[in-house]
Amino acid sequence: MQWSSSQQQGCVVASPDGRVDEATAEAFTEHLASSVALAAESPGKKLIVDFGGLDYMSSRGLRALTLAKRQADAAGVAMTLARPNEVMREILAISRYDKLFSVTDTIEAAI
Amino acid sequence: MLVRFWGTRGSLPVAATAAIVQEKVAAALLAASGRSFADIDEARSFARAELDFATSGTFGGATTCVEIEAGDPANGDPYIICDMGSGLRGFGLDAMRRCGQGHARVYHFFMSHLHWDHIMGFPFFVPAFDPNAHIIIHAGHADAEEALRRQQEEISFPVKFEWLRAKIEFRTLKAGETYQIGAVQVELMEQHHSHSSFGYRFTDAEGKVVVFSTDSEHKMDRMEGEADVEQFFREADLVICDTMYSLADSVSMKEDWGHSSNIVAIDLCHGGHAKRLALFHHEPVYSDADIARMHAESVRYEELTREHDPLEVLCAYDGLEVAL
């Protein structure tokens, strides 16, 4: 999968692109871990996972988010999910992950 | 092959209260406003065709017990039952009726594990008092006999295990082996649960496959092991899966409680190219409306995430029969 990362106002914005499924879950997990580490060093101590480029995420990806959040909590990093598309909104609701994570419509709202 | 669900709840049996039934009746009356029915059959037809299941019926409250009808009773093929939850009582009474019609009095049980909700029905299993019955209890656990005898010690139950009249045997099965038992080939797989649990894969002579996988937690730190689970579920005609909690609950508040979610079950069935999934081992605090909502959400999640052939998502209830 494609992955890009930027810093905005002291926060790390991580932007995966494509699908997170069995084939890409491992790479997704590794990128998330790196992003959390980066965010721990950033002034804002915040990681925003930009879902704007994500088509879909299976339970492997959702659980990888939980693992990343544990790492983030231990490092004092706040984690937010931003810009889910309609499919991802439904998946977050059905899985009740919208109760575990802060979800925003825009990156600005997450910052 | 026919799969018949006698008990579909997890943890503890539950029963509808007067208040719950009154709510269903009120909802049904409202839905029928302005209608009149010539007789009880018309009213029944209306209830079946026009009311949602949570109003007209119930998912039930008995704990885990699933019967697999395979082979031909006329040829003497035995009963096959997964687990001995409180639903076993209903099966036992029905089995006595069928034995009266000539069914062989041979019962092969396959135990996922030995927690109370999965063994609590055995003291009420009427065929165990039949001196002509032969009961074979298969388990991946070597201590299955200890668990069953213990729950019938006098401190817990007034009828001792030793007083049961049937011929009762215990057989320990090994994961990874294939066994021919009755009219099915049986394989088992160890699962993650307190004191371990086992899933079973049953294949009949026509190649129909049903997988019984309950009380299985799919841990976040072992996700790479799920390829083995998908292999176990491969191309099954029906997978019966523990879907007790939401994914969020299963990774937070209910982590290490030994159960799974509808989301993971669907993903595993998709990965294994299974044809049908039965949501199972329902949380006892869930109302019928809660379970129906979970079912609808599961159907939608399957639609959203489907890459190949559709996976039919059923919601198990006490009394459901699935012909494969």
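I began with His108(B), which stands opposite Ile136(B) in S5(B). Strands and helices here are DSSP runs numbered from the N terminus, a strand (E) having at least two residues and a helix (H or I) at least four. I count two strands as paired if DSSP finds at least two bridges between them.

I noted the source. This is a predicted model, in which local features need pLDDT of at least 70 and side-chain atom pairs count only at pLDDT 80 or more, while totals for chains, interfaces and linings use all residues. Residues are numbered from 1 along each chain as its sequence is written, and chains are lettered from A and ligands numbered from 1 in the order in which they are written.

Next I followed S5(B) to strand S6 (residues 167-172) of chain B; these two also pair in the parallel sense, over six bridges. I found Ile168(B) in S6(B) as the bridge partner of Ile135(B). Between S5(B) and S6(B) the chain passes through helix H6 (residues 144-151) of chain B, and this β-α-β crossover is right-handed. Right-handed means that, with the strands pointing away from the viewer, the path from the first strand over the helix to the second runs clockwise.

Which sheet holds these strands? It is an open, mixed sheet of seven strands in chain B, in the order S6-S5-S4-S3-S2-S1-S14. I noted S6 and strand S14 (321-323) of chain B as the edge strands, each pairing on one side only. Strand S1 (residues 2-7) of chain B runs antiparallel to S14(B), joined by three bridges. Val3(B) stands opposite Val322(B) there.

I then looked up the other sheet order, S7-S8-S9-S10-S11-S12-S13 in chain B, again seven strands, open and mixed. Its edge strands are strand S7 (178-181) and strand S13 (312-315) of chain B. S7(B) pairs with strand S8 (residues 184-191) of chain B in the antiparallel sense over four bridges, and Ile181(B) has Val184(B) as its bridge partner in S8(B).

I turned to the helices of chain A. At what angle do helix H1 (residues 25-41) of chain A and H2(A) pack? The angle is about 20°, with the axes 9 Å apart. Axes are lines fitted to C-alpha atoms, for helices over the stretch in contact, and angles run from 0 to 180 degrees between N-to-C directions. H1(A) and H2(A) are therefore roughly parallel to each other, a term for angles under 35 degrees. Among the residues making the contact I listed Phe28(A) and Leu32(A) of H1(A), and Ala64(A) and Leu67(A) of H2(A).

Last, I checked where the chains meet: 19 residues of chain A are in contact with 17 residues of chain B. Contact means that the C-beta atoms, placed from the backbone, lie within 7 Å. Helix H2 (59-75) and helix H3 (86-94) are the elements giving two or more residues to the chain A side. The largest share, six residues, comes from H2(A).

Terms used: Two residues are in contact if their C-beta atoms, placed from the backbone, lie within 7 Å. Angles under 35 degrees count as roughly parallel, over 145 as roughly antiparallel, 65 to 115 as roughly perpendicular and the rest as oblique.
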